[in-house]
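Morning, everyone. I'll take you through one structure today, piece by piece. Please have the display open.

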Amino acid sequence: MPQVTYIEHDGTEHRIALEEGLSVMRGAVDNGVPGIDADCGGECACATCHVYVDEAWLAKTGAPGEQEASMLSFAATAQPNSRLSCQITMTPALDGLVVRLPEAQH
Amino acid sequence: MNAPVNPASDAWTTPLDQLDPSHPARFQDHSMWPYFERLRREAPVHHSTTSPLFGPYWSVTKYKDIMAVEVNHRQFSSDSGHGGISIRDRPKDLRLPMFIAMDPPRHDEQRKVVQPIVAPGNLAKLEGIIRERAGRILDGLPRGETFNWVEHVSIELTVQMLATLFDFPFEDRRKLSFWSDCATAVPEAGGFIDSEEKREQVFAECLAYFTELWNQRVNAEPRPDLISMLAHGEATRTMSPREYLGNLILLIVGGNDTTRNSISGGVLFLNQTPGEYAKLRANPGLIESMVPEIIRYQTPLAHMRRTAVEDVELGGQRIRAGDKVVMWYISGNRDPEAIEEPERFIIDRKRPRQHLSFGFGIHRCVGNRLAELQLKILWEEILRRFERVEVVGEPKRVFSSFIHGITDLPVRIPA
Ligand code: HEM
């Protein structure tokens, strides 16, 4: 299974194997990675599964969709490499993906 | 004078096409629950044409349908030009422009101006202030005596918080709750605001007061308070006075009634479920998951309204362009298909934030983490001081199908 590394704001790393087709948000929530709240459960409707995609992976994860971009635009902690992790679906090409978590979700 | 509710109307026997769950009196005496239960079962997307107060409207009562409306802001507009965000249609000239009642792109531009108020760094700064004030309020409460928790704690704490967010003169802070109450008052309830003219007079006083604060802030360096943010914000610094007023009312009401009623609700729910109160005392760590559960269970805003801007299909029903669509959060939060045992208040749910009380999508509550923070700190400080806060009488509730609130909650703290 492809793996994702989640790096908490304090630097703690979590390597998680994720089934293809699942979202990066799911991987965190189902495995108890702290720092991803996912209030809406994956509807792209709350922006509390916000992550920063490691620069090296940006081309492969692609750009946010329109709804995602508006939700992200309200997050005070957003940066150019911000994504909502419920909108990144695991594929073999993403094996090794690295995402960092913001200071807080809101 | 209260508008009449048909007393013979029964939730389970009234013909579906005559069912009207919206009457404010039902929210005051809490007889609305079976109406929503029936709608969720028999007509989850339901058209009502019999409301004496609000005219024809659609009720959306199931969690997943509400979510579908929330994320579809293109077809379901919040714009005040179409009718805005509450079931009550206000006359066009009295509608206040505010970003909760705007669609993109203006909504997005204005929301971004105030969003930094809840940035992680700012919340961290507020935490100490909230804790100190909560402590002081609690230390001043009488022991062994009956008093109204709403007045002494819920209102006082939320108003102090608001004063801080606006950097508003502290000694005048009760003006904020007065303006908030006037903004949300239902004229039919027969209170102080018994006409729209009276409301407009109060709004004029509110605007005059805040205009002075604007003038001070606009001539000073930008600071992290809401007025300074609006006065210096790219998208807001050229607002008309009426738009300034609208956004002030949004921030005052948004941060006030809702948090107030969650503070009151928490005390009530723990008293109604002594087992949960015992669990909490044994493990204060449960405050973390209890706070969102309180907000779900209270659902401080019973609904938000949208207006369809084109014909659209929802839950098998055909909604027409121009139709009023009411998302009953208070019903979606009790939908057993989305939330396990939704009728029960359970302080250690697995996914407690999965509720509709803050809305979802681009209008999702700006203050959601701030509201949670206030409740969390308050409960930490309560548990540190009091073995119990006992509810000793029936709560009195607000006459409104928008604000789901409590005006009186008699309590006693054992001496
Ligand atoms: C428990 C407390 C609270 C509840 C239940 C609540 C609920 C809501 C709801 C239901 C919405 C509209 C969502 C929609 O239309 O989809 C909203 C929006 C909003 N709330 Fe809150 N709120 C609370 C606390 C606060 C606080 C403390 C603030 C102050 C900073 C605040 C400020 C706002 C603002 C500015 C909006 C408009 C957002 C927009 O249109 O983009 N709220 N809130």
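Let's start in a loop. In chain B, B:His30 sits in the loop between helix 1 (24–28) and helix 2 (33–42). Its phi is near 60°, a positive value in a residue other than glycine. Most residues other than glycine have a negative phi, and most peptide bonds are trans. Keep in mind that this is a predicted model.

B:Pro104 and B:Pro105 are joined by a cis peptide bond, with omega about 5°. Where is B:Pro105 found? Look in the loop between strand 3 and helix 4 (106–114) of chain B.

Now the sheet of chain B. Five strands make an open sheet here, in the order 1-2-8-5-3, and the pairing is mixed. Which strands stand at the edges? They are strand 1 (45–48) and strand 3 (76–77) of chain B. Each has a single partner strand, so one side of each is left without a neighbour in the sheet.

Strand 2 (residues 57–60) of chain B pairs with strand 8 (residues 324–328) of chain B in the parallel sense, over three bridges. To find one of them, take B:Val60: its bridge partner in strand 8 of chain B is B:Met327.

Helix 3 (residues 63–70) of chain B lies across strand 1, strand 2, strand 3, strand 5 (303–308) and strand 8 of chain B. Against strand 8 of chain B, helix 3 runs at about 130°.

Over to chain A. Its open sheet has five strands in the order 2-1-5-3-4, with mixed pairing. The edges are strand 2 (13–17) and strand 4 (82–84) of chain A. Each of these has a single partner strand, so one side of each has no neighbour in the sheet. On average, neighbouring strands of this sheet are turned by 35° against each other, direction ignored.

Within that sheet, strand 1 (residues 3–7) and strand 5 (residues 97–100) of chain A pair in the parallel sense, over four bridges. A:Tyr6 has A:Val99, in strand 5 of chain A, as its bridge partner.

Next, charge pairs. Side chains of opposite charge can pair when their charged atoms come close. Over all chains, the count comes to 52 salt bridges. One is between A:Arg26 and A:Asp30, with the closest N and O atoms 3.1 Å apart. Both residues lie in helix 1 (residues 24–30) of chain A, four residues apart, about one turn of the helix.

Last stop: where the chains meet. 21 residues of chain A are in contact with 21 residues of chain B. Together the two chains bury about 1800 Å², 58% of it on carbon and sulfur atoms. Which residues of chain A lose the most area to chain B? A:Asp39, A:Phe74 and A:His106, together 39% of what that side buries.

A:Asp39 comes up again. It forms a salt bridge with B:Arg369, the closest N and O atoms being 3.0 Å apart. Between chain A and chain B, the count is five salt bridges. As for the side of chain A that touches chain B, its residues divide into eight nonpolar, eight polar and five charged.

Key:
Residues are numbered from 1 along each chain as its sequence is written. Chains are lettered from A and ligands numbered from 1 in the order in which they are written. This is a predicted model: local features need pLDDT of at least 70, side-chain atom pairs count only at pLDDT 80 or more; totals for chains, interfaces and linings use all residues. Side-chain values use heavy atoms; hydrogens and water are left out. Two strands pair if DSSP finds at least two bridges between them. Helices (H or I, at least four residues) and strands (E, at least two) are DSSP runs, numbered from the N terminus. Axes are lines fitted to C-alpha atoms, for helices over the stretch in contact, and angles run from 0 to 180 degrees between N-to-C directions. Contact means heavy atoms within 4.5 Å. Buried area is the accessible area (1.4 Å probe) that two parts lose on being put together, summed over both. A salt bridge is a side-chain nitrogen of Lys or Arg within 4 Å of a carboxyl oxygen of Asp or Glu. Ala, Val, Leu, Ile, Met, Phe, Trp, Tyr, Cys and Pro count as nonpolar, Asp, Glu, Lys and Arg as charged, and the others, Gly among them, as polar.
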